[in-house]
Amino acid sequence: MTSTPGNTDDVESKPRTFVLASRASQLAQIQTSVVRDALQAAFPSLSFDTSFMSTEGDKNQSQALYLLGGKALWTKELEVALKDGTVDMLVHSLKDVPTILPDGCEIGAILEREDPVDSLVVKQGLSYKNLEDLPDGSVIGTSSVRRVAQLRRNFPRLQFMDVRGNLNTRLAKLDAPEGPFTALILAKAGLVRLGMGHRITGNLDAPILYHAVSQGALAVEIRAGDTQVRELCEALTHTETQWKCLAERAMLRKLEGGCSVPVGVVTSLTHVESGQMGLKSGLLQITGCVTSIDGSSHVQDTLAETVRNTEEAEQLGTKLATLLIDNGAGAILEDVSRDRAKRATEAKEK
């Protein structure tokens, strides 16, 4: 359910062009256009423009994401432009947004989520339909330590190799006749938004693969205190998606997980009760898991509670993280941090 803004007379009376910014990739530009068009439809008398820039994460396409650090790789340069007033809104894939934002920034909107599942994409010309079909030793391309950790646990006979670049680049690497990859694991939402849904061989739903926190959802980051922009964003927020994603992000925040950690999740909201003001309550169920890099250790728990607002949704996510930590997830994440530091040092010494 989408909430509606309050009195917009003051907003629509001011002659201001609102600039939406994002990364310069094709997918990011498509996603920004989606948000701009939604704003333009909601506020036809206002003017909206777009701006695109490359971030540190876009520029470094050689190192594995696992070694590069946190999610700020994708957002830092954009947030500088937001805070100095060059742009008014940032459009992100919410899974790329740090769970703790810089001072002066806040999430203004979370849009309705696409299917958050990961998908298997097999090399063109091969007839395999699922991971079970793949021959022993087949190489799967993914830049996600979460996917590798979970799949090593379930498919130890497969091999995994890092693959970077935009979606077109990764698909070209997959389909290269002499290339090493038999298949890639990619987020379904990105493939669909780019019009490449036809390349999906099959979806990898839980429990085969638990998706990333907030995967499939778009978010709009704004300046804290910009009440005019915040009011515009309220027209975009999909409350059910917001509650689910905020619960997931609260879990990840408590686990102190960055961009490349083996944390997976799946969330549902059922028994929804709505009123004149929108969503009133719902049964929020969240399953989280943490898996060691080699797949040998796996901690998974589920909690469910009736929630009535974003604060209660976040509290449930935090409770789940505490339960995971108590059951061994903290030790796994400490091992991951040590491994990353060791490998980063080795990479610098080469």
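Cys-245 counts as buried, at 0% relative accessibility, where buried means under 20% relative accessible area, exposed over 50% and partly exposed in between, with a 1.4 Å probe and protein chains only. Cys-289 is buried as well, and its relative accessible area is 0%. Even so, the structure holds 0 disulfides (pairs of cysteine sulfur atoms within 2.5 Å). Keep in mind that this is a predicted model, in which local features need pLDDT of at least 70, side-chain atom pairs count only at pLDDT 80 or more, and totals for chains, interfaces and linings use all residues. Residues are numbered from 1 along each chain as its sequence is written, and side-chain values use heavy atoms, with hydrogens and water left out.

**The chain overall**

- You'll find 11 helices and 13 strands in the chain; helices (H or I, at least four residues) and strands (E, at least two) are DSSP runs, numbered from the N terminus.
- Of its 350 residues, 51% count as buried.
- Take the contacts (heavy atoms within 4.5 Å) between residues at least 6 apart in sequence: 72% of them join residues at least 24 apart.

**The five-stranded sheet**

- This open sheet has 5 strands in the order β2-β1-β3-β10-β4, with mixed pairing; two strands pair if DSSP finds at least two bridges between them.
- Its edge strands, each pairing on one side only, are β2 (47–53) and β4 (105–110).
- From one strand to the next, the twist averages 30°; axes are lines fitted to C-alpha atoms, for helices over the stretch in contact, and angles run from 0 to 180 degrees between N-to-C directions.
- Strand β1 (residues 17–23) runs parallel to β2, and 7 bridges join the two.
- Phe-18 stands opposite Phe-48 in β2.
- Helix α2 (residues 26–42) lies across β1, β2, β3 (89–93) and β10 (218–223), at about 155° to β1.

**Ile-222 in that sheet**

- Ile-222 sits in strand β10 and is buried, with a relative accessible area of 0%.
- Ile-222 and Lys-83 are 139 residues apart in sequence, yet 8.6 Å apart in space, C-alpha to C-alpha.

- A 3-strand open sheet has the order β11-β12-β13, and its pairing is antiparallel.
- β11 and β13 are the edge strands, each pairing on one side only.
- Ignoring direction, neighbouring strands here are turned by 10° against each other on average.
- β12 and β13 run antiparallel and are joined by 10 bridges.
- Gly-282 has Val-307 in β13 as its bridge partner.
- Helix α6 packs on this sheet and touches β11, β12 and β13, its direction making about 65° with that of β12.
- α10 also lies across β11, β12 and β13, running at about 35° to β12.

**A closer look at α6**

- Helix α6 (residues 145–154) is mostly covered, with 7 of its 10 residues buried.
- Among the buried ones are Val-145, Arg-146, Arg-147 and Leu-151.
- Ser-144 caps the N-terminal end of α6, placing a side-chain oxygen 3.3 Å from the backbone nitrogen of Arg-146.

**Nonpolar cores**

- The largest nonpolar core has 27 residues, and those touching the most other members include Met-251, Leu-255, Ile-286 and Leu-324; such a core is a set of buried Ala, Val, Leu, Ile, Met, Phe, Trp, Tyr and Cys residues joined through side-chain atoms within 4.5 Å.
- α10 (239–255), β11 (263–275), β12 (278–291), β13 (298–307) and α11 (310–349) each supply at least two residues of this core.
- α11 gives the largest share, 9 residues.
- A second, separate core of 19 residues includes Val-35, Phe-48, Met-89 and Leu-236.

- Ala-206 and Pro-207 are joined by a cis peptide bond, with omega about 15°; Pro-207 is in the loop between β9 (202–204) and β10.
- Ser-214 is not a glycine, but has a positive phi of about 70°; Ser-214 counts as buried at 1% relative accessibility.
- His-271, in strand β11, also has a positive phi, about 50°, and is exposed, with a relative accessible area of 66%.

Key:
A polar contact is a pair of N or O atoms within 3.5 Å; within protein, one must be able to donate a hydrogen and the other to accept it, and residues adjacent in sequence count only if both atoms are side-chain atoms.
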